[in-house]
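Here are my notes for you to read alongside the model.

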Amino acid sequence: MPEEPEDRRPEDELREMLQQFLSGQGPIDPSRLAGAAGMPSDPAQLHALMAQLQAALARTDDGIDWSAAQRQAAAVVQRDPGSVTTAERDAVRQAADLAALWLSETTEIGAAAGSLTLLSRQQWVDATIPVWQEMSEPVANSIANALTSAMQEHAPEEAQEMLAGAERILRNVGGTMFAMQLGNVVGQLASETIAGGDFGFPLLEDTAALLPVNLRSAAEGLEIPEDQVRIWMAARELAHARLFHHARWLRLHVLSSVREYAEGIRIDVERLEELAESFDPSSPEQLREALGSGALIPPKTPEQVEALARLETTIALIDGWVDAVTEAATARLPKRDAIAETVRRRRATGGPAEKAFGTLVGLEIRPRRLREAAAFWHAVTDAVGPEVRDSLWDQPDLMPGSADIDDPSRVIARLRGVGELDEMDLALQELLDDAERGTGEDEAGGAEQR
């Protein structure tokens with residue numbers, strides 16, 4: 001029996017041990033491991049899972065392999081990719097052309113935005129997964145690092161040397177498991193999504209997009225003429241894209257707010273230590289359940305509550321403006337109000353995959369205060385007209401706040417030019433007044449001397 005090299009590193013031993021587990025020579029049941037990654041235990045998916053975890057072990061760089069999320073999302077979509085006829089695509093394009101004409105009668109902003117794009121479920125995944133990754137990355141890193149630390153702290157003494165040099169390997173495997181769970185959720189979202197702006201977040205950069213296969217399913221459930229549903233959905237999506245095309249700063253503003261919130265998420269160390277103490281390699285469902293239930297993410301800190309409130313206000317203002325503009329643009333549709341109400345309810349409750357993302361990442365993607373924000377935009381439109389209303393999107397400093405949604409009177413007064421002066425205006429006015437008083441005193445003094 002050959003002797004082991006003297007320079008053999010402890011992390012090599014850990015890698016071999018995990019490879020034995022993954023090749024079926026250890027106590028890990030591959031079907032249970034598939035369950036931990038949120039995957040069905042059919043042979044093809046098991047093979048994909050093992051291949052991705054083997055790749056995680058072989059990686060020499062540190063960090064999360066997000067390509068695992070891409071591959072997993074594609075695998076989920078392939079189970080039910082859906083299909084659309086040429087006639088259906090043509091009908092959606094015709095609806096979009098009409099919606100664009102009506103929208104131009106309602107708002108002038110973003111008129112130079114491109115036409116609407118039709119996406120398959122797989123194309124939507126490919127186009128949006130970088131943003132899902134960006135929103136999830138802080139949580140994924142936090143979980144991977146905390147899990148590694150907890151396992152090292154509670155490992156038996158004889159395993160400490162092995163784990164000490166293997167932090168990167170543990171993070172890679174843990175990160176891959178998280179990425180695969182995210183991919184599973186995004187793949188499921190692809191079957192629920194109708195348009196690029198469905199979730200309020202700017203998932204697509206400067207692009208309006210519809211998924212005809214999901215649009216058809218939504219129209220079938222509404223019991224409303226399908227042509228009206230197509231026009232309404234196209235108008236809403238085009239309005240969303242036009243807003244982001246006009247307000248170039250808005251996309252970065254929203255994604256930065258998401259990042260600010262997500263980076264404040266810290267993992268519940270006590271819960272993770274409990275998991276590490278009782279972790280059974282033959283039953284990794286514990287890890288999946290802890291990730292999927294959101295149990296590792298503790299209650300929000302005061303700073304997170306404030307960051308989330310700012311983000312929710314921004315999303316509400318975006319969606320409220322889009323809804324108000326869409327309502328005006330589709331006034332000719334007999335079933336406009338019924339379509340709008342059904343979509344609002346759908347978005348308020350969210351689908352199963354949407355809820356799964358919320359528990360996995362700790363960030364709900366459903367808009368709050370949508371009705372109040374839409375009422376705010378209606379009030380502003382009635383008071384100053386659409387052109388002045390839309391000037392509020394010209395720069396970040398002009399964007400209304402949460403208090404303005406509750407009471408739009410100050411915003412309306414400011415847009416009319418009769419609002420209260422802010423601190424800078426008051427300071428400037430005081431300087432001008434002082435200058436005028438000084439000039440008056442000089443003139444009076446000169447008169448006395450004469």
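1. Let us begin with one glycine. Leaving out residues up to four places away in sequence, Gly183 touches Ala69, Gln72 and Ala73, where contact means heavy atoms within 4.5 Å. Gly183 sits in helix H8, residues 167-189; helices here are DSSP runs of H or I with at least four residues, strands are runs of E with at least two, and both are numbered from the N terminus. With a relative accessible area of 0%, Gly183 is buried (buried is under 20% relative accessible area, exposed over 50%, partly exposed in between, using a 1.4 Å probe and protein chains only). Its C-alpha atom lies 8.9 Å from that of Ala75, although Gly183 and Ala75 are 108 residues apart along the chain.

2. A word on provenance. This is a predicted model, in which local features need pLDDT of at least 70 and side-chain atom pairs count only at pLDDT 80 or more, while totals for chains, interfaces and linings use all residues. Residues are numbered from 1 along each chain as its sequence is written, and side-chain values use heavy atoms, with hydrogens and water left out.

3. On confidence, the protein chain averages a pLDDT of 76, and 64% of the residues score at least 70; pLDDT is the predictor's confidence in each residue, from 0 to 100. Please look at two stretches with some care. Residues 1-6 stay under 50 and have 0 contacts beyond four places in sequence. Residues 17-30 also stay under 50, yet the model gives that stretch 23 contacts beyond four places in sequence.

4. For the overall picture, the protein chain has 21 helices and 2 strands. Of its 450 residues, 49% are buried. Among contacts between residues at least 6 apart in sequence, 81% join residues at least 24 apart.

5. Now to helix packing. Two packed helices are described by the angle between their axes and the distance between the axes. Axes are lines fitted to C-alpha atoms, for helices over the stretch in contact, and angles run from 0 to 180 degrees between N-to-C directions. Helix H9 (residues 212-222) packs on helix H10 (residues 226-246) at about 125 degrees, with the axes 9 Å apart. That makes H9 oblique to H10 (under 35 degrees is roughly parallel, over 145 roughly antiparallel, 65 to 115 roughly perpendicular, and the rest oblique). Leu215, Arg216, Ala219 and Leu222 of H9 meet Glu226, Val229, Arg230 and Met233 of H10. By class, this contact has 5 nonpolar, no polar and 3 charged residues; Ala, Val, Leu, Ile, Met, Phe, Trp, Tyr, Cys and Pro count as nonpolar, Asp, Glu, Lys and Arg as charged, and the others, Gly among them, as polar.

6. Staying with H9, its buried residues are Pro212, Val213, Asn214, Leu215, Ala218, Ala219 and Leu222. Just after H9, Glu223 takes a positive phi of about 55 degrees.

7. Which helix do the axes of H10 come within 8 Å of? It is H5 (residues 86-104), and the two axes cross at roughly 55 degrees. H5 and H10 are therefore oblique to each other. On the H5 side, the contact includes Ala91, Val92, Ala95 and Trp102, and on the H10 side Arg230, Ile231, Leu238 and Arg242 are among the residues involved. The contact of H5 with H10 has 14 nonpolar, 1 polar and 2 charged residues.

8. Asp323 lies in H14, residues 302-329, and counts as buried at 7% relative accessibility. Beyond its neighbours within four places in sequence, Asp323 contacts Arg236, Arg344 and Leu370. Glu327, also in H14, counts as partly exposed at 27% relative accessibility. With neighbours within four places again set aside, Glu327 contacts Arg336, Arg344 and His378.
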